[in-house]
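Hi,

Here is the model I promised to pass on.

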Amino acid sequence: MPGPARPPLLLGVSLKMYFGHHQTLNWARKIATLAAEHPAVTSGEARLFVLPAFPTLIPAAGILAPYGIALGAQDIATEDTGPYTGEVGGPLLKEIGCRYAEVGHAERRRLYGEGDTVVAAKTAAALRSGLTPVLCVGERDRGTPQEAAERTVAEAARLLTGLDGTVVLAYEPQWAIGAPEPASAEHIAAVCTALRNWLDSRPRHAGSQVIYGGSAGPGLIGRLGGTADGLFLGRFAHDPENVRAVLDEIRAPAGAAVA
Ligand SMILES: O=C(CO)COP(=O)(O)O
């Protein structure tokens with residue numbers, strides 16, 4: 001059977017702090033069942049990753065990993081080990097099977113005072129432990145796509161200064177997070193294309209991907225014309241049927257009829 005014509009699209013979900021423990025595991029079981037049977041996943045056209053709350057990582061891995069769904073943490077300490085009360089370090093995350101660590105999410109910047117120095121240090125910590133950082137970048141206020149592209153590329157360049165390794169750049173315009181609608185397809189395409197071009201000029205980040213998050217859900221991926229390597233879902237992934245709908249669109253892209 002011929003393999004997929006293009007690299008797999010990456011479909012990430014952060015559960016943030018929405019779900020309880022059992023709720024997380026019940027949701028994970030539904031996502032595992034979906035992954036086991038959905039042709040977008042079984043054909044290799046889509047790859048899934050899930051970022052649940054820290055205490056659920058081990059049991060969630062037991063449910064999701066057998067179906068090829070990668071796990072990751074929503075945060076990571078800047079240090080690897082030592083007297084850092086309340087923090088969780090990269091070596092532990094790696095040991096329990098994480099592949100990803102999210103850094104720099106707008107909520108952590110806005111609510112917990114994380115700035116560029118901390119975000120860059122967390123990105124370095126993830127890479128040091130062999131984790132792929134899901135590095136969130138994106139402008140705070142709505143502007144033109146060109147302004148957003150320039151600002152976001154500069155942000156990525158700043159945060160990755162001096163670092164080598166494969167990353168997932170999650171383009172999340174802050175004004176589109178928690179909104180009724182994602183940014184427009186034109187806006188997302190302009191910024192993701194600029195990020196892709198920038199990455200392509202940086203061999204030290206070979207293999208990196210650019211995904212879009214911010215009220216992403218069904219109906220979006222097909223409108224991006226391949227300019228993003230995937231989506232980063234928040235609220236709209238709480239209903240597994242929405243995840244199924246996005247996988248359906250990955251299976252039947254670019255104008256093909258989706259039932
Ligand atoms: O921040 C996000 C993913 O990390 C997006 O969240 P929402 O899709 O709920 O806006």
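Leaving aside neighbours within four places in sequence, which residues is S14 in contact with? They are L51, Q74, E102, F232, L233 and G234, where contact means heavy atoms within 4.5 Å.

Before the rest, some housekeeping: this is a predicted model, so local features need pLDDT of at least 70 and side-chain atom pairs count only at pLDDT 80 or more, while totals for chains, interfaces and linings use all residues. Residues are numbered from 1 along each chain as its sequence is written, and side-chain values use heavy atoms, with hydrogens and water left out.

Back to S14: it sits in strand 1 (residues 9-14), strands being DSSP runs of E with at least two residues, numbered from the N terminus. S14 counts as buried because its relative accessible area is 4%, and buried means under 20% (1.4 Å probe, protein chains only). A polar atom of its side chain lies 3.2 Å from the backbone nitrogen of K16.

K16 also turns up around the ligand, along with H105, E172, I177, G178, G214, S215, A216, F232, G234 and R235; to be listed, a residue needs a heavy atom within 4 Å. Ligand oxygen atoms lie 2.6 Å from a side-chain N or O atom of H105, 2.6 Å from a polar side-chain atom of R235 and 3.4 Å from a polar backbone atom of G234. The protein covers 99% of the 310 Å² of accessible area that the ligand has on its own (Shrake-Rupley, 1.4 Å probe).

Cheers

How values were computed:
Polar contact = N/O pair within 3.5 Å; in protein donor to acceptor, adjacent residues only side chain to side chain. Helix = DSSP H or I, 4+ residues; strand = E, 2+ residues; numbered from the N terminus. Buried < 20%, exposed > 50% of the residue type's maximum accessible area, 1.4 Å probe, protein only.
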